[in-house]
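Dear colleague,

I am handing over the structure we talked about, and my notes on it follow directly below. Please read them with the model open beside you.

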Amino acid sequence: MGEIRLSVVAPCYNEEAVLRDFHRRMSAACLAACGDSHEIVLVDDGSSDRTWPLIEELADADPHIVGVRLFRNHGHQLAVTAGLSIAKGSRVLLIDADLQDPPELLPQMMQIMDGGADVVYGQRASRSGETAFKLATASLFYRMLNRLSAVPIPRDTGDFRLMNRTVVDILRGMPEQHRFIRGMVSWIGGRQVAMPYAREPRFAGTTKYPLRKMVSFATDALTSFSTVPLQLAVWLGLMSAVFAFLILTYAVVQWMLGNVVPGWASSLVAISFFSGVQLVVMGVFGEYLGRVVQEVKRRPLFTIAAIRQAGVSTPLPAD
Ligand code: UDP
Ligand code: MG
């Protein structure tokens, strides 16, 4: 195959129902966009269904496929990171395996990049088949993120994007554990061009992002791109101190006037109010501190169990 012009990286978590169709449509798009010199990296993120045997089967039949199996479920962002560490192409496309991002847009994205863009990111002009709850929380999330973050992060984008080698190498060089890839790519800068598209409903299977994962994803995004919550803690602390001082003054004045009231109820209210504030502040500290602890560990970001390409299995990434 020689030099690889394009790598496609697709994370797959229990996607047995869509993989064949994804492979068919993605291969056609790759052929149309850059002919034979492409690879499709399918990362099995610790699936519990038949995703991996299926990837092995596809890889045995099609030499363009590189199957990567992680030891366990590391989550979407780390699965993508694992794929990026393997991808050799001079351009890399990140795309979901569930066909919500249409593979057919690839040739158009390649063209935009030919015009000099470093990153071409898909921006959702419409999103069919998503719940009102998902749409509302996503919109709130991006508004808040952009208010709090110093790096502008375009709204209505996912990880569906084409990046050139320079951007990919910088991204790979960022060692942080809590990865919010679309934000990290925005941080890198360069010429980033939006390409509006209609996001499809999921082709088959169900979403792998339950509320729990959405919340942890949003927390990762906020804490890795903003320290405003930390400053908020300081403000809360200051405000409660001022409030406490006012109450104290009031109490002293009452005492001097001789109104010694046994008011234990009000002190109880004050105590619980301030312990509440303290708990909030401590919670925010804990959130950041926890991240520091994790970063300091310098654990590997993912664990690759096997790679399979053209009928051959290798136990370790061929770097
Ligand atoms: N995914 C993954 N690991 C996970 C969750 C999701 O690799 O722990 C993959 C999934 O297979 C899909 C992509 O990430 O290709 C996006 O996930 P999903 O479609 O479930 O999210 P949604 O589109 O509903 O936000
Ligand atoms: Mg999806």
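How many nonpolar, polar and charged residues does the shell around ligand 1 have? By class, there are six nonpolar, five polar and five charged residues, where Ala, Val, Leu, Ile, Met, Phe, Trp, Tyr, Cys and Pro count as nonpolar, Asp, Glu, Lys and Arg as charged, and the others, Gly among them, as polar.

Before going further, please note that this is a predicted model, in which local features need pLDDT of at least 70 and side-chain atom pairs count only at pLDDT 80 or more, whereas totals for chains, interfaces and linings use all residues. Residues are numbered from 1 along each chain as its sequence is written, while chains are lettered from A and ligands numbered from 1 in the order in which they are written.

Of the 16 residues around ligand 1, those that come nearest are Pro11, Tyr13, Asp45, Thr207 and Lys208; a residue is near the ligand if its C-beta atom, placed from the backbone, lies within 6 Å of it. Strand β1 (6-12) and helix α3 (76-86) each supply at least two residues of this shell, helices (H or I, at least four residues) and strands (E, at least two) being DSSP runs numbered from the N terminus.

The largest nonpolar core has 61 residues, and Val8, Val9, Val41, Leu42, Val43 and Leu93 touch the most other members. Such a core is a set of buried Ala, Val, Leu, Ile, Met, Phe, Trp, Tyr and Cys residues joined through C-beta atoms within 7 Å. Not counting residues up to four places away in sequence, Val43 touches Val9, Pro11, Cys12, Val68, Leu70, Ala79, Ala82 and Gly83, contact being defined as C-beta atoms, placed from the backbone, within 7 Å.

Finally, Met195 lies in strand β7 (residues 192-199) and is partly exposed, with 19 other C-beta atoms within 10 Å. Leaving aside neighbours within four places in sequence, Met195 is in contact with residues including Gln108, Met109, Ile112 and Tyr121.

With best wishes

Key: A residue is buried if 20 or more other C-beta atoms lie within 10 Å of its own, exposed if 12 or fewer, and partly exposed in between; C-beta atoms are placed from the backbone. Two residues are in contact if their C-beta atoms, placed from the backbone, lie within 7 Å.
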